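Here is a friendly walk through one protein model, written for someone who likes to know the cut-offs. Have the sequence and the 3D view open as you read.

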Amino acid sequence: MSYSNCHTHTVFCDGKNTPEEMAQAAFATGCTCLGFSVHSPMSTAADWTIAPERLPAYTAEIRRLQQQFRGRLEILHGIELDRNFAHVDPSEFDYIIGAVHQIVKNGHVYDVDYTREMLKDCAEKEFGGDFLALAKHYYDDFAAFVCEVRPTIVAHFDLIEKFNEDQTLFSTNDPAYQKIATAAADRILDECPDILFEVNTGAMYRLGKADPYPMPFMLNHLKRRGAKVIITADAHCTDALSFAFDKAREACERAGLTVFELRRRDGKAEICNAQ
Ligand SMILES: [Zn+2]
Ligand SMILES: [Zn+2]
């Protein structure tokens, strides 16, 4: 089955393969459009991003691959722009994935998707152990960032769920938690009704999680709001390029969501109905 994927990391940040290896594997497995989305340089400490001085080489390599694969595989030059991005002009990219990977509070920086211990530490030290307060900080910050920058795509919206599959950090079914998350989605959709929300299988590949981001309650809410979604792999190696896309499609179908994808038209990214 053919597919497209616009969330792809390479050796330019924390991925394992080169862009050319990713493009070759994508073409060989039926990909029609591959978007590269390097982690943006940050103003905060992070060891999983591209260094600012490497950005021109990244751009040159993706443009070279667009020529090399012309007529066989559409390739897009994108970026996963973090809330704390720095040294980057977002307008230089074909599309933007907007993401929040960190909570910054009282001058301390915590990666929310690094380890379960770091997330717990953040809740205890900065929010008095109150995960709902942590969630409110995270989602409010996410909504403010998206409304300000207006990315093409909202990345893994409930990334703070990454280490909570066993529900021992907080309860995803808690109406207070769901209200915080859906209010942030509402704020984004009020301002940016055409934005794409990712249905992201990255943690299914890397952690063996059963479901993609975001959780079913959020997918149902996105359906109620008439939001658009896009299925992505958040691939950091060739084996992950379309991992669990069948399950992601099923999750979208269960929620009644129509899936969209990015294609390359006249050198730019265009949002289309998925094939
Ligand atoms: Zn990410
Ligand atoms: Zn990513």
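Gln 167 counts as partly exposed, at 31% relative accessibility; partly exposed is the range between buried (under 20% relative accessible area) and exposed (over 50%), with a 1.4 Å probe and protein chains only. Its phi is near 65°, a positive value in a residue other than glycine, and Gln 167 sits in the loop between β7 and α5 (175–191). Helices (H or I, at least four residues) and strands (E, at least two) are DSSP runs, numbered from the N terminus.

This is a predicted model, in which local features need pLDDT of at least 70 and side-chain atom pairs count only at pLDDT 80 or more, while totals for chains, interfaces and linings use all residues. Residues are numbered from 1 along each chain as its sequence is written, chains are lettered from A and ligands numbered from 1 in the order in which they are written, and side-chain values use heavy atoms, leaving out hydrogens and water.

Arg 150 is not a glycine but has a positive phi of about 50°. You will find Arg 150 in the loop between α4 and β7, partly exposed with a relative accessible area of 46%. Another backbone feature is the cis peptide bond between Tyr 213 and Pro 214, with omega about -10°; Pro 214 belongs to the loop between α6 and α7 (216–224).

Now for the sheet. Nine strands make an open, mixed sheet in the order β1-β2-β3-β4-β7-β8-β9-β10-β11, where two strands pair if DSSP finds at least two bridges between them. β1 and β11 (268–273) are at the edges with a single partner strand each, so one side of each has no neighbour in the sheet. Helix α4 (residues 131–149) packs on the sheet and touches β3 (74–82), β4 (95–99) and β7 (153–154); contact means heavy atoms within 4.5 Å.

Finally, the pockets. On a 1 Å grid over the protein atoms alone, a pocket is an open set of points where a 1.4 Å probe fits, with protein on both sides within 12 Å along at least five of seven lines; lining residues have an atom within 4 Å of a point. A volume is the space filled by probe spheres set on the points, which are joined across faces, edges and corners.

| Pocket | Volume |
|---|---|
| Largest pocket | about 400 Å³ |
| Second largest pocket | about 200 Å³ |

Of the 26 residues lining the largest pocket, Asp 14, Asp 113, Lys 162, Arg 206 and His 236 are the closest to its centre. The second largest pocket has 14 lining residues, with Arg 249, Val 259, Glu 261, Ala 274 and Gln 275 nearest its centre.

Methods:
Axes fitted to C-alpha atoms, helices over the stretch in contact; angles between N-to-C directions.
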